[in-house]
Amino acid sequence: MKEINSQVKDDLKNYFQDRDYGVVAVPKEDAIRALVVKTTNLCEIARLRHKTSPIATAVLGRALTGAILLTSLLKHGTEQRILLKIEGDGPIGLVVAEANAKGEVRGFVQNPNVPTFTKKVNGTKKFDIAKAVGKGTLTVVKDFGFGTPYESTVPLVSGEIAEDIAYYLLKSEQIPSAVSLGVLVGETGKVEAAGGFLAQPLPGVTEEAISRLEENVKKMPPISTLVKNGKRPEDIVEMLFEGFTPNLLALKELSFKCKCSKEVAEGGILVFPEDEIEALIKEGGVSIKCNFCNEEYFFNKEELEKILEERKKNTN
Ligand SMILES: [Zn+2]
């Protein structure tokens, strides 16, 4: 374990430059762990893929970043996955994000064209995320790659997503946590800054450390402001752990990545009823769209005829 000093900070800056990444850190003196992530690029890629409106960009960005934070519950660097699903009655509809422990994330919102709702917070206009999401539930599915995935649902307590994830961690995982998520969308709709952190006590933590962490969190500006002002995950770790000596535990490169492919799409058609495939052949082809990344896969008449043959072989 390395102390986060100026040399380590220089190394991280030189290595990651403007890429998205996360830093897992613990203070030398006490039992708290924090994951701090910068997700600006992957949120922008999600926006471009799904052509989201500004508020939908913010909701999707928070969900993607939140799913990445929840990979703290998984084994680092593995294919284990977290699925975060928000089902609210607001105009954005279903919100889904899936992240694996290697730092790959994908996701979508049901209605990417949601018009922008704003509210005034201390005199400044902000997106009213809770209004776009509405009331409903948050579900987290943990897939460890073996056995039945572990699924748990809690009611939405705020609709702002960070508070809802903190509530899930407390209720379903019995982990009291500080969770922060932020996506700053610029005038043109582009993501200017995005990030988040998850800080949680580990067994053996002192009361003093918990109150110090709470004080530090209270003092911090919004995470999107920090990222926008050029603060890097390791800088934010230092702010979270002010009064402690932060040690670097692990690093994670983060990216928007979907595992769909033409083969996966073909598997989807293969389960259609035969008469439905026949109808598609008559139409001359079909385009299958991946929900998670909006990629389209086109199957022409000949390809569909092959799939139908395969389908008939399977049923016989
Ligand atoms: Zn996809």
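Five residues of domain 1 are in contact with four residues of domain 2. On the domain 1 side of this contact, the elements that contribute two or more residues are α2 (40-50) and β6 (104-109). The strand β6 gives the most to that side, with three residues. By type, the domain 1 residues that touch domain 2 divide into one nonpolar, two polar and two charged. The model is a predicted one. Its domain assignment places domain 1 at 2-256 and domain 2 at 262-315, and the centres of domain 1 and domain 2, taken over C-alpha atoms, are separated by 37 Å.

The next topic is the packing of nonpolar residues. In soluble globular proteins, nonpolar side chains tend to be buried together. Here the largest nonpolar core has 77 residues, and those with the most contacts inside it are Ala-34, Val-59, Ala-63, Leu-64 and Ala-67. Helix α3 supplies the largest share of this core, eleven residues. A second, separate core consists of seven residues, among them Ile-277, Phe-299, Leu-304 and Ile-307. To return to Ala-63, its contacts, not counting residues up to four places away in sequence, are Leu-84, Ile-86, Val-95, Ala-97, Gly-107 and Ile-161.

Leu-74 lies in the loop between α3 (54-70) and β4 (81-88). Leu-74 counts as buried because it has 20 C-beta neighbours inside 10 Å, and a residue needs 20 or more to be classed that way. Leaving aside residues up to four places away in sequence, Leu-74 touches Gln-80, Ile-82 and Ala-101. Between Leu-74 and Glu-163 there are 89 residues in sequence and 20 Å in space, C-alpha to C-alpha.

The partner of β1 is β13 (residues 246-253), which runs antiparallel to β1 and is joined to β1 by two bridges. In this pairing, Lys-2 stands opposite Leu-248 in β13.

Helix α8 (residues 233-240) has Pro-233, Glu-234, Ile-236, Val-237 and Leu-240 buried. Viewed down the axis of α8, these buried residues fall within an arc of 155 degrees, so they line one face of the helix.

Terms used: Residues are numbered from 1 along each chain as its sequence is written. This is a predicted model: local features need pLDDT of at least 70, side-chain atom pairs count only at pLDDT 80 or more; totals for chains, interfaces and linings use all residues. Helices (H or I, at least four residues) and strands (E, at least two) are DSSP runs, numbered from the N terminus. A residue is buried if 20 or more other C-beta atoms lie within 10 Å of its own, exposed if 12 or fewer, and partly exposed in between; C-beta atoms are placed from the backbone. Two residues are in contact if their C-beta atoms, placed from the backbone, lie within 7 Å. The arc is that of the directions from the helix axis to the C-beta atoms. Two strands pair if DSSP finds at least two bridges between them. A nonpolar core is a set of buried Ala, Val, Leu, Ile, Met, Phe, Trp, Tyr and Cys residues joined through C-beta atoms within 7 Å. Domain bounds come from an automatic or database domain assignment. Ala, Val, Leu, Ile, Met, Phe, Trp, Tyr, Cys and Pro count as nonpolar, Asp, Glu, Lys and Arg as charged, and the others, Gly among them, as polar.
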